[in-house]
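Have the sequence and the 3D view ready as you read.

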Amino acid sequence: QQEMGISHASLYTSKLLYTFSPRLFVMSGICAGLQSKSNYGDIIIAKASWNYNRGKMINDLGYLKFLPSVQHSEINNKLDIELKAFSQHFMRQIDSINEFFDDKSKINNSLKLKRSFIASGSAVLNDKETILNILSSNRDLDGVDMEVDAFYITCKFFEQELDYFAVKSVCDFADGDKNDNYQKYAAFTSALTIKEFLEKFYEFE
């Protein structure tokens, strides 16, 4: 998927679902994190997501104010339990994945793995105030991206039984210093985490 955003994520997810009818669908990729809670390459398994653009504008004493409507899209409980067990196991050896990444200057030797919340929206964020406002809507929120909520909702309403989840890794902090320097490393830690889970914890029927 070259295009980013909620609409494209939903379109491509739907197209893949109805083309291949999978029993398992996993999204890997990158997200923004909060600098006080995360570092480059830290991994977030999205146990739930929501669209931070969803809500309404109100007039508050002559000032327009946005009130978010936080409606979670979630993975199923059985899969969440499996991912919790995996997270506890993988944390004990998580830094071992770094040996497979070529650019040692980008490596985070204190990687963290969380089962947490990712909020999705339609814009690329590049200012600290906006992301802090989004993160303040839920203290458990650890990441912001442009796809997970649409991916979860589309999978939820697929006509066949389906396991699905997303793993995103932190590549920037959506502030004025945003750049692409850690995108490759973040994509790597996300993909390697999924590989580890599928090989050692997920039971294919």
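## Buried, exposed or in between

Buried means under 20% relative accessible area, exposed means over 50%, and partly exposed is in between. Keep in mind that you are looking at a predicted model.

With those cut-offs, Phe 201 counts as partly exposed because its relative accessibility is 28%. Phe 86 has a relative accessibility of 0%, so Phe 86 counts as buried.

## A pair that is edge-to-face

A pair of aromatic rings is described by the distance of the centres and the angle of the planes. The count for this model comes to 16 aromatic pairs. One of them joins Phe 86 and Phe 201: their centres are 5.4 Å apart and their planes are at 75°, an edge-to-face pair.

Where do Phe 86 and Phe 201 lie? Phe 86 belongs to helix α2 (residues 77–90), while Phe 201 is in the segment after α5 (183–200), so this pair ties together parts that are 115 residues apart in sequence.

## A tilted pair

Now find Phe 101 and Phe 188. Their ring centres are 5.0 Å apart and the planes meet at 50°, so this pair is tilted. Phe 101 sits in the loop between α2 and β6 (113–120) and Phe 188 in helix α5, so the pair links parts that are 87 residues apart in sequence. Are these two residues buried or exposed? Both Phe 101 and Phe 188 are buried.

## A cluster and a charge

Phe 86 and Phe 201 also belong to one aromatic cluster, together with Phe 90, Phe 165, Phe 197, Tyr 202 and Phe 204.

Finally, look at Tyr 182: Lys 106 lies over the face of this ring, at 5.9 Å from the ring centre.

Terms used. Residues numbered from 1 in each chain as written. Predicted model: local features only at pLDDT ≥ 70, side-chain atom pairs only at ≥ 80, totals over all residues. Heavy atoms only, no water. Phe/Tyr/Trp six-rings, centres within 6.5 Å; stacked < 30°, edge-to-face > 60°. Helix = DSSP H or I, 4+ residues; strand = E, 2+ residues; numbered from the N terminus. Buried < 20%, exposed > 50% of the residue type's maximum accessible area, 1.4 Å probe, protein only. Lys NZ or Arg CZ within 6 Å of the ring centre and 35° of its normal.
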